[in-house]
Amino acid sequence: MTETTYPNSYYVASAQPAPNRPSLSEHIETDVCVIGAGYTGLSTALFLAEAGYRVVVLEAIKVGFGASGRNGGQIVNSYSRDLDTVEQSTTTQAAQLIGAMAFEGSQIIRERVSRYQIDCNLHNGGIFAAFTPKQMRHLAQQKTLWQRYGYQQLELLDHQELQKYVGSTRYIGGMLDHMGGHIHPLNLALGEASAFESLGGTIYEQTPALRIDRTPQPIVYTPQGQVRCKFLVIAGNAYLDTGLAPELAAKSMPCGSQVITTEPLSPELARSLLPQNHCVEDCNYLLDYYRLSADRRLIYGGGVTYGARDPGDIQNIIRPKMLKTFPQLAQVKIDYAWTGNFLLTLSRLPQVGRLTDNIYYAQGCSGHGVTYTHLAGKILAEAIQGQAERFDAFASLPHYPFPGGHYLRTPLTALGALYYSLRDRIGF
Ligand SMILES: Cc1cc2nc3c(=O)[nH]c(=O)nc-3n(C[C@H](O)[C@H](O)[C@H](O)COP(=O)(O)OP(=O)(O)OC[C@H]3O[C@@H](n4cnc5c(N)ncnc54)[C@H](O)[C@@H]3O)c2cc1C
């Protein structure tokens, strides 16, 4: 990692005040050491601190520096691949367990926000917007599938009904998830960090984990200190250096997604785009996602750079997408543009497991991670406390390396994505 602080994003500009936390400069011992202060690490740390464990979080840069402080802020239920893929990938029993957890992540967020009074502009309601009849059929199937797992919060919308939520003529219909929604993502991470600290937890910033001794009590080495722990959790996701745990890097690929934010819009213009202030993601393979901020800016994301290479001029990539959806924004100024990395797996299902008896990891939620990472923290915390049934269900999902090895996996995956996005364009 070459960066030392946050990107110049709207979220940083509108973040709640947060302390500069010290870096680790001594040798310490603790029950649990967590690497990474994104949602996965913070959620794990908070659950364990609530259960009375001594927990130390090591963060290479700042709390929420990674995807958790840069994302679209969309609370999307279930997983990056839906429950039918889960059912085809593992045993019936494990699939049932994973399905039963598919809506828990968003409940965890709401519970955290309420219990710790986290000021992160939580707003309920998310829309999936469809361009084609095929995508509408898929949404109908998704509704039936989620209902099978007890979720009754979905409502299909025809073109006319969708207009109540999205002021764009691009879509033929969509689906409303009443328990979807959106948050200010960095403020959620900062609020969870201070909740964890209020329970006695410690976070060291500017403290990259450089090396791990996989001894019975693992030792994590940082530039000026060491942590010896009974349990270690690796939660560095797309920002984890490949050398720290090479077996995790082998089955995943960092990818970038880009986001722009307009200047504040007039109340009338903002209302004409998203009359109910819901967030929207479209149904394409390479999808666009957008929503309003609390101060009425449009936050619009899309685009994927495979291998997390520098995307170049972000405004030039994302603004045309925004104008395709909302041509009425042609004269509106863009105030912020940034990129962030998420971790893709070949199956697009998340990876959870152990490297040794007491070194755990969770990573790779492949683009839909705001809710899942909160659930991942809970199941990691359960496993550390000796209740591994739900952890084992996720750990049973099979994962494979990307074809092409280290050098060819990026172009091959980009080619695969191009194929799917062409299918979207021709409605196939
Ligand atoms: C631009 C963008 C938009 C997105 N939009 C959405 C959305 O709207 N809805 C949704 O559901 N999902 C979205 N996602 C995905 C979601 O943000 C991620 O899945 C989720 O935030 C991942 O959380 P995490 O804690 O696993 O990883 P991260 O948030 O990336 O955190 C990992 C942390 O580990 C730290 N770290 C790494 N290596 C080390 C080390 N060696 N030592 C110490 N610390 C280390 C990093 O600095 C970082 O802070 C988006 C992702 C991106 C990039």
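Okay, let's start at Q206, which sits in the loop between β7 (202-204) and β8 (211-213). Those labels are DSSP runs numbered from the N terminus, with helices being H or I of at least four residues and strands being E of at least two. Before I go on, this is a predicted model, where local features need pLDDT of at least 70, side-chain atom pairs count only at pLDDT 80 or more, and totals for chains, interfaces and linings use all residues. Residues are numbered from 1 along each chain as its sequence is written.

Back to Q206. Its phi is near 50 degrees, a positive value in a residue other than glycine.

Now look at Q117, in the loop between α5 (104-115) and β4 (123-130). Q117 isn't a glycine either, yet it has a positive phi of about 50 degrees. Q117 counts as exposed, because it has 9 C-beta neighbours inside 10 Å.

Next, S25, in the loop between α1 (10-13) and β1 (27-35). S25 is exposed, with 12 other C-beta atoms within 10 Å. Leaving out residues up to four places away in sequence, S25 touches Q224 and G225; contact here means C-beta atoms, placed from the backbone, within 7 Å. And the C-alpha atoms of S25 and Q226 are separated by 8.0 Å, though these two are 201 residues apart along the chain.

On to the ligand. Which residues come nearest? Of the 44 residues around the ligand, those are G36, G38, G66, G72 and G369. "Around" means a C-beta atom, placed from the backbone, within 6 Å of the molecule. At least two shell residues come from each of α2 (39-50), β11 (253-262), β15 (334-344) and α12 (370-384).

So why does the ligand lie between domain 1 (1-121 + 184-250 + 349-397) and domain 2 (123-182 + 253-344)? Because both domains give residues to the shell around the ligand. The domain bounds come from an automatic or database domain assignment.

Over residues 31-382, the chain is 32% helix and 29% strand, with the end C-alpha atoms 14 Å apart.

Methods. A residue is buried if 20 or more other C-beta atoms lie within 10 Å of its own, exposed if 12 or fewer, and partly exposed in between; C-beta atoms are placed from the backbone. Two residues are in contact if their C-beta atoms, placed from the backbone, lie within 7 Å.
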